[in-house]
Amino acid sequence: MITAMTGAAEWATDLMDRLGAPGAGLAIALENLFPPLPSELILPLAGFTAAQGRMSLAAALACTTLGSVLGALALYGIGAAVGRDRVRRWADRLPLVKVADLDRTEAWFARHGGKAVFLGRMVPIFRSLVSVPAGVERMAMGRFLLYTAAGSLIWNTAFVVAGYVLGDSWRAVEGVVGAYAKVVLAVAGLAAAAFVAVRILRARELRRDRVG
């Protein structure tokens, strides 16, 4: 893991050395498409690079936010290309998943999709993935861009400024966000386990009722 993080840092540093602030934006656009590339490493590094005078802080914030939006747009496009009908066909073939679950999810997304995109941009791992259901549901493009840009700007500003202020200690941000990401994964894992357990219990009850 340390070797992978070091390699990602070297790659991002090289991009920023070659392209300046647009390099930071490109790195973040790719981070959206390939979540193993950690924004919690790239963004503080951009702030540190700005503190060294190799780009302006404003340019770092503008380019990383633009990169976030472009990456999110690509994932939105993937969701739109997959489409609602195909997702429903896949769900119908999966054990323990019902089309009714999708209906409830779609209804929830219709009511709260804007909040989901906005807040999702500030949650590790899900910050990229939230763009896919937005595309599947064909959220209005202007609305999607507004919430994506707003959430991304808040997230990016927090970490770019942290890297700018911390200077040589910018890697400390990575540790804090890494702990946050582990908590998010643990909660998601527990929720998934609870969903599966409930479905298995219901299936057993249905079988008992039929036999009885």
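**Figure 1. The surface and overall make-up of the chain.** In this predicted model, the accessible surface of the chain comes to about 11500 Å². Carbon and sulfur atoms own 68% of that surface. Of the 212 residues in the chain, 39% are buried. Now look at how the chain contacts itself: among contacts with a separation of 6 or more, 75% join residues 24 or more positions apart.

**Figure 2. The largest nonpolar core.** Nonpolar side chains tend to be buried together in soluble globular proteins. Here, the largest nonpolar core contains 22 residues. Which residues have the most contacts inside this core? They are M16, I42, L43 and M55. At least two core residues come from each of the helices α1 (2–19), α2 (21–33), α3 (39–51), α4 (57–82) and α9 (141–166). Helix α3 gives the largest share, with seven residues.

**Figure 3. A close look at I42 and its neighbours.** Leaving aside residues up to four places away in sequence, what does I42 touch? The list is W11, A12, M16, A24, A27, I28 and E31. One of these, M16, also belongs to the group with the most contacts inside the largest core, as does I42.

Figure 4. Are Y76 and F144 buried or exposed? Both Y76 and F144 are buried. A search of the whole structure turns up two aromatic pairs. The rings of Y76 and F144 have centres 4.7 Å apart and planes at 40°, so this pair counts as tilted; the tilted class lies between stacked, under 30 degrees, and edge-to-face, over 60. Distant parts of the chain are linked by this pair: Y76 sits in helix α4 and F144 in helix α9, 68 residues apart.

Figure 5. Find F48 in helix α3. Why does F48 count as buried? Its relative accessibility is 13%, and buried means under 20%. Next, find L166, which is 118 residues from F48 in sequence. In space, the C-alpha atoms of F48 and L166 are 7.5 Å apart.

How values were computed. Residues numbered from 1 in each chain as written. Predicted model: local features only at pLDDT ≥ 70, side-chain atom pairs only at ≥ 80, totals over all residues. Heavy atoms only, no water. Core = buried A, V, L, I, M, F, W, Y, C linked by side-chain atoms within 4.5 Å. Buried < 20%, exposed > 50% of the residue type's maximum accessible area, 1.4 Å probe, protein only. Helix = DSSP H or I, 4+ residues; strand = E, 2+ residues; numbered from the N terminus. Contact = heavy atoms within 4.5 Å. Areas by Shrake-Rupley, 256 points an atom, 1.4 Å probe, with all protein chains shown as cover. Phe/Tyr/Trp six-rings, centres within 6.5 Å; stacked < 30°, edge-to-face > 60°.
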